[in-house]
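The exercises below ask the reader to work through one chain step by step, with the sequence and the model at hand. Each task is followed by its solution.

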Amino acid sequence: MRRETQTALNYEFPMRPVRLLSALLLTTATVFATASVLQAQDMIVSHAYSKFGEPKYPADFPHLDYVNVNAPKGGEISVWAPGTFDSMNPYTRKGRSGALASVFFENMLTSTADEIGTSYCFMCTTMEYPEDESFVIFNMRPEVKFSDGSPVTAEDIKFSHDIMLEEGLVSFRAVLGQFIESVEVLDPMRIKFTFKDSAPKRGRIDMAGGLPVFSKAWFEENDAGLDESRLEPAIGSGPYVLDRFDINQRIVYKRNPDYWAQDLPLGIGRNNYDSIRIEYFGDSNAAFEGFKSGAYTFRTENSSKLWATGYDFPALNKGDIVKSTLPDGTIATGQSFVMNLRRDKFQDPLVREAIGMMFNFEWSNETLFYGLYARVESFWDNTELAAEGTPTDGEIALLKPLVDEGVLPESILTDEAILPPSSGARQLDRKNLRRASALMDEAGWLVGDDGMRRKDGQVLEIEFLEDSPTFDRIINPYVENLRRLGIDAKLERVDPAQFTNRTREFDFDMITDQFPMTYEPGSGLQQYFGSATADESVFNAMGLKSPAVDSLIQTITAADTKEDLNTGIRALDRVLRAEKFWVPQWFRDVHTVAYFDMYEYPDELPPYDLGYLDFWWINPEKEAALKASGAL
């Protein structure tokens, strides 16, 4: 299973709260305007913005193709989240925010689940910009309202930009500051973003249109800041508002019956539940038992062991619960063990390569995962963007100047793209152990009389930081293999709050992390891989600082054609894999879900989002039958 971005699951695919901004940063750097184009005084006016090709939906489209326009409204969906929460502010660095706490806030532009690289006016009717894209003007919808009924105006948009720039995550401020020169309120319903000359063209407009929108009046009336932990959420314009919560137990969001966009073409057939409930559990085992007993109603299963052996209980056998495998066309998340390059012991690539050799995916997959997973091999796995074999002529054209500058080795031009090592059927692959031992010797980490490796009198120690007990069975065999190599490895499991704090402060050796890429990435790549954000960005967990990577990110951001973009991505993928800061884990190209038999979904699901919190709905007759039988 793949991590779901709308729930806080933590199984073999953990979700980390820091990912709340990652989708924004990557999806707001992808597109160029083309649709419904009207030329007037050298200005382009459009309802949609797409870099490559025509947007799928015209200006007058009635509704999204993948929704049920007659979906009934009502009922409740409930999911689970791990650990604890002490805040309802998803934008603070302090504390741990509640699951789905960003549900209140919307953006000027939005994307769809059946299309790549297009953004549509959502809170705006149209956008205007010159051919050089030096600025953009958003013409706002007059019907847009905050949840308290007050109108959303251009002043709120400017305020949202300003407070994000002043108080947002440091890594986000760094990227935002590279793009936007100024924000000007033209009138209550029109706002202008002027971009810096040095900002990449691709991504400018989406960066401006992708900011979360806050109520200026609410922040002023409550004397509130963005970077503060608080249990009272700021108001937004989203379809759900906070109903109630019990600290460390549950959160309930209720649908706003006066939601401004419910009859908009982009809103029809969506947000169908009256309420969304989040139930908190101390660990995944307790959460699964809770599901079996009806404590919550929808589960995305991220544990292969439970999927293979655990779904044999009365509610499922009676037919009250559905167990289903649904298609997933998204990019693999790049889940992996990640080394903290800020620490001296990981500076030598020979050491990193040796560490990677000791994880036996093949044994783990067969012994622990029931053969359900495939190995992650690329940061763009499950797509045609993954680098394969030796570099193409187009890749060589990008890589050779970097070799000439001395920031890449000559071998990058002739070697095949690096793949993770394969291992045998036993937990400890002796062939890989011998190869790893030779690499460690070459790096100067020699085995002492006690079997431990030392360099300059220091034992090589590695601590795996984790907050999920489910990962114990995966990490412990890896730890054993590393100890056979002479590394003093251990697993340190902490509670979710400690994990959040330590990862924010980069206080770890190795963690399990993810690199959720997009099909048309842009400036958001700096958040994950850029040198400028290596000591600031929570997304750049390894702290990568590579001039070659920085150069390729610039090439990708500046790409004017789909061919140039794809070539740049493959070159970047090749270079990132050669850095060997990750030990790739696993992925699946399907969603594995279980739910009480009252939820329904469109006949044809879109490829890029399962959408169970978005465009699924409840069949009221089935719901009534479950309640009558006592299943609910």
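**Exercise 1.** Describe the open sheet of 3 strands, giving its strand order and its pairing.

Solution. The order to trace is S14-S26-S15, and the pairing in this open sheet of 3 strands is antiparallel; strands here are DSSP runs of E with at least two residues, helices are runs of H or I with at least four, both numbered from the N terminus, and two strands pair if DSSP finds at least two bridges between them. At the edges stand strand S14 (298–300) and strand S15 (321–327), each of which pairs on one side only. Neighbouring strands of this sheet are turned by 20° against each other on average, direction ignored, where axes are lines fitted to C-alpha atoms, for helices over the stretch in contact, and angles run from 0 to 180 degrees between N-to-C directions. Next, S15 and strand S26 (residues 590–596) run antiparallel and are joined by 7 bridges, and within S26 it is Ala 594 that stands opposite Lys 323. Finally, helix H6 (residues 284–292) lies across S14, S15 and S26, running at about 140° to S14.

The model is predicted, so local features need pLDDT of at least 70 and side-chain atom pairs count only at pLDDT 80 or more, while totals for chains, interfaces and linings use all residues. Residues are numbered from 1 along each chain as its sequence is written, and side-chain values use heavy atoms, with hydrogens and water left out.

**Exercise 2.** Work out which strands stand at the edges of the sheet of 4 strands.

Solution. The open sheet has the order S4-S13-S12-S11, with mixed pairing. Strand S4 (76–82) and strand S11 (240–246) each have a single partner strand, so one side of each is left without a neighbour in the sheet. In this sheet, too, neighbouring strands are turned by 20° against each other on average, direction ignored. S4 runs parallel to strand S13 (residues 275–281), to which 7 bridges join it, and Trp 80 stands opposite Glu 279 in S13.

**Exercise 3.** Which residues of the largest nonpolar core touch the most other members?

Solution. A nonpolar core is a set of buried Ala, Val, Leu, Ile, Met, Phe, Trp, Tyr and Cys residues joined through side-chain atoms within 4.5 Å, and buried means under 20% relative accessible area, exposed over 50%, partly exposed in between (1.4 Å probe, protein chains only). The largest such core has 106 residues, of which Phe 138, Phe 193, Tyr 253, Ile 278 and Trp 616 touch the most other members. Helix H2 (residues 154–167) gives the most to this core, with 5 residues. Leaving out residues up to four places away in sequence, the contacts of Trp 616 (heavy atoms within 4.5 Å) include Phe 298, Leu 326 and Tyr 595.

**Exercise 4.** Is Val 175 buried or exposed?

Solution. First locate Val 175 in helix H3 (residues 170–179). Its relative accessibility is 1%, so Val 175 counts as buried. Not counting residues up to four places away in sequence, Val 175 touches Met 207, Ser 523, Gln 526 and Gln 527. Then compare Thr 533, which is found in the loop between helix H15 (525–529) and helix H16 (547–558) and counts as buried at 2% relative accessibility. With neighbours within four places in sequence set aside, Thr 533 is in contact with Ala 174, Gln 526, Gln 527 and Asn 540.
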